[in-house]
Amino acid sequence: MEIPYTYKPRPDTGLYNAKVGIWLFLASEIMLFGALFSAYILLRVSAPVGFWPDVALAWPRGLLNIPIGTFNTAVLITSSVTVVLAWAALKMNNFARFRVYMVITVLCAFAFLGIKSFEYNDKFSHYVIRLQDGKALTGHIEVDGKHPRFWNFSDQWSVAKLAEQKVAKIKVEVDPERDINGHPKKGASHGHEVREIAVSDIVSLGSYTPATHPFFAVYFLITALHGLHVLGGALVLGYFAFPGAKMWKSNPEQFINRIEVGGLFWHFVDLVWIFLFPVVYLL
Amino acid sequence: MSLKAFHIVFVAASVILMAFLSGWSFLAYQETHSMEYLVWSLCAAISVVGLVIYGRFFLRKLRNISFL
């Protein structure tokens, strides 16, 4: 039995079925991301005023790498342009150009994920260290000549684990001083001063991971969920570019509609990032 | 809403984001006097112009495709 309205519009909605379906799905996605954005904003506005880590639960600012975040934004904007040009190429009956644009889109998606994993790795080796004299400092740590890596949870350190493994001292590349807005303080060195700290002087030690602060908990939750959407979208668009492209010969109109639906999802995922970037990186 | 219409919404959102980034960087420059922020602000302003030009090109290129 043939499924109706796969390419012809339904008389009552004026749209083919998949387009109604994707918009219903995107509506549910808006509710999902909307709830997470609300959680972020409520935690953000109710956080104590002050400079983190001096004030323990103050909202951290200036911790994320804005040039890398901006570059990733440009990568996603480029991918949205190429996905719509791929769809337009099919509308103009140019399959070869469609495939080129689709491959660029998928490459952009994987570039985004690669850059994001680099950012994650940086956060997992970045620590806040509270000392016996009441001071707190942040920086990348080195234990026995090794930096922690994010794909290896056994690399995560705590004071108890350092004591258990009889580590006497750790090296810390201390971050430059920042003002309350997260900008480097006037006259502060841009380089990192390397200090050796005795483990006996450390009260607590925590990496920039979800357990350390609500900021990291929400940051990792939203960006990881977004990253999964990027991965899912890239796999589907990659399928359309190669194995799924057989449909172009048997049913070109339905194939064009599939690309449009895939493009709508891709635009939604990119639009989430357009909101996420200023909220998490800049504000 | 078709992909064409959603793309226009997306480009408009990108223009607003880049304008915001430009303003944010300029304020950070005024606060810190760091040239990096000024360069960042200028780059974001240039990308606003680039995105508007692209938006016009896109509308011209796809003028025969419906917004529905």
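Let's start with the sheet. Chain A has an open sheet of 5 strands, in the order 4-3-2-1-5, and the pairing is antiparallel. Keep in mind that this is a predicted model.

Which strands sit at the edges? Strand 4 (193-198) and strand 5 (202-207) of chain A are the edge strands. Each of them pairs on one side only. From one strand to the next, the twist averages 40 degrees.

A word on what holds such pairs. Strands of a sheet pair through backbone hydrogen bonds, either parallel or antiparallel.

Now zoom in on one pair. Strand 1 of chain A covers residues 126-131, and strand 2 of chain A covers residues 136-142. The two run antiparallel, joined by 5 bridges. Where does Arg130(A) find its bridge partner? In strand 2 of chain A, at Ala136(A).

On to the helices. Take helix 3 (residues 95-124) and helix 5 (residues 214-241), both of chain A. They pack at an angle of about 155 degrees, and their axes are 9 Å apart. Angles over 145 degrees count as roughly antiparallel, so helix 3 of chain A is roughly antiparallel to helix 5 of chain A. The crossing of these two helices is left-handed.

Who meets whom? From helix 3 of chain A, the residues in contact include Met102(A), Val106(A), Phe110(A) and Leu113(A). Helix 5 of chain A brings, among others, Gly227(A), Val230(A), Leu231(A) and Ala234(A). Arg99(A) and Lys116(A) of helix 3 take part too.

And the make-up of that contact, by class? It has 13 nonpolar, 5 polar and 2 charged residues.

How values were computed: Residues are numbered from 1 along each chain as its sequence is written. Chains are lettered from A and ligands numbered from 1 in the order in which they are written. This is a predicted model: local features need pLDDT of at least 70, side-chain atom pairs count only at pLDDT 80 or more; totals for chains, interfaces and linings use all residues. Two strands pair if DSSP finds at least two bridges between them. Helices (H or I, at least four residues) and strands (E, at least two) are DSSP runs, numbered from the N terminus. Axes are lines fitted to C-alpha atoms, for helices over the stretch in contact, and angles run from 0 to 180 degrees between N-to-C directions. Angles under 35 degrees count as roughly parallel, over 145 as roughly antiparallel, 65 to 115 as roughly perpendicular and the rest as oblique. A crossing is left-handed if the near helix is turned anticlockwise from the far one by less than a right angle, and right-handed if clockwise. Two residues are in contact if their C-beta atoms, placed from the backbone, lie within 7 Å. Ala, Val, Leu, Ile, Met, Phe, Trp, Tyr, Cys and Pro count as nonpolar, Asp, Glu, Lys and Arg as charged, and the others, Gly among them, as polar.
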